[in-house]
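Here is a short report on one protein chain. It covers helix packing, a sheet and the domain layout.

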Amino acid sequence: MAGTTGSERARATLAYLRRKITTGEWEVGSRIPIEPELAEQTGVGRSTVREAVRSLASVGMIETLPGRGTFVRSAAPTSALLNQFLADFTLEEILSYRRALEIEAAQHASIHRTEEDLVALERAAAEERGCTRCPVMGFASDDDNAFDSKFHRLVFDSAKNRLLASLYAGVNDQLRLPEHRGRLANVATGAEMERDHARVLDAIRRRDFIDAVHAMVDHVDHDVVIVNDQHEVVPALSRTPEQQQRIENAIEVQDDKLQEQV
Ligand SMILES: [Zn+2]
């Protein structure tokens with residue numbers, strides 16, 4: 001980056017690091033290279049690298065743990081302001097908001113996804129296939145990254161709406177708060193998660209935004225749910241048996257389409 005001004009170098013360094021995260025080259029939860037290595041990769045001074053790292057930390061994308069290194073925390077920026085704002089709402093309100101975002105993202109992903117998005121989604125679905133639960137809610141309550149599924153995040157990336165992705169990252173931050181521990185459960189089994197993700201993926205592949213909605217509605221209503229003191233599930237939206245039947249019928253039609261392709 002010879003011949004450029006200090007502020008241009010700073011901007012380029014920031015863009016370089018951000019791209020490593022948004023493209024998934026540096027995965028959420030992974031440790032990023034140390035400062036001297038980054039300085040070498042980018043060809044700028046260590047102070048410029050440090051400034052870029054600090055800037056990404058301020059928007060919640062990375063976090064520096066003293067003595068352990070710097071880790072990727074979120075693939076999308078979440079402003080402290082958004083987190084403060086969301087903190088005023090109840091868990092029920094946050095979860096219902098998450099539901100709306102997931103459904104909207106699935107719809108937009110089925111319209112705006114590129115071939116590269118599809119490849120990345122397929123890879124993520126395959127990687128998460130062995131999980132016992134949709135990793136969107138993990139299972140180990142002490143896992144910092146429990147509320148982060150690469151598949152779900154890539155659905156938001158494919159939706160090509162930065163605001164949706166940013167709001168989603170904010171919601172995930174809220175769900176991760178220690179005060180909500182024990183109030184959330186993931187009731188979908190690994191097999192259900194695989195089937196659900198396959199349906200969402202298939203609808204996105206076929207650019208069918210109606211099927212994408214049905215598949216995502218069915219999935220989000222059991223991947224993260226609220227449980228009461230008696231460990232009973234509090235339904236996000238109570239449906240009449242007729243309404244449930246209509247969703248199941250739509251899903252069945254979609255399964256037939258999936259079968260035809262195989
Ligand atoms: Zn999921």
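Axes are lines fitted to C-alpha atoms, for helices over the stretch in contact, and angles run from 0 to 180 degrees between N-to-C directions. Helices (H or I, at least four residues) and strands (E, at least two) are DSSP runs, numbered from the N terminus. This is a predicted model: local features need pLDDT of at least 70, side-chain atom pairs count only at pLDDT 80 or more, and totals for chains, interfaces and linings use all residues. Residues are numbered from 1 along each chain as its sequence is written.

**Helix packing.** Helices α5 (residues 91–112) and α7 (residues 150–158) pack at about 60°, their axes 7 Å apart. That angle makes α5 oblique to α7 (under 35 degrees is roughly parallel, over 145 roughly antiparallel, 65 to 115 roughly perpendicular, the rest oblique). Contact residues (C-beta atoms, placed from the backbone, within 7 Å) are A105, A106, A109 and H112 of α5, and V155, F156 and S158 of α7.

**Sheet.** Three strands form an open sheet in the order β3-β4-β5, with antiparallel pairing. Strands pair if DSSP finds at least two bridges between them. The edge strands, β3 and β5, each pair on one side only. Strand β4 is joined to β5 by 2 bridges. I226 has V234 in β5 as its bridge partner.

| Strand | Residues |
|---|---|
| β3 | 184–185 |
| β4 | 225–227 |
| β5 | 233–234 |

**Domains.** The protein is divided into domain 1 (6–72) and domain 2 (80–261); the bounds come from an automatic or database domain assignment. Their C-alpha centres lie 29 Å apart.

Key
Contact = placed C-beta atoms within 7 Å.
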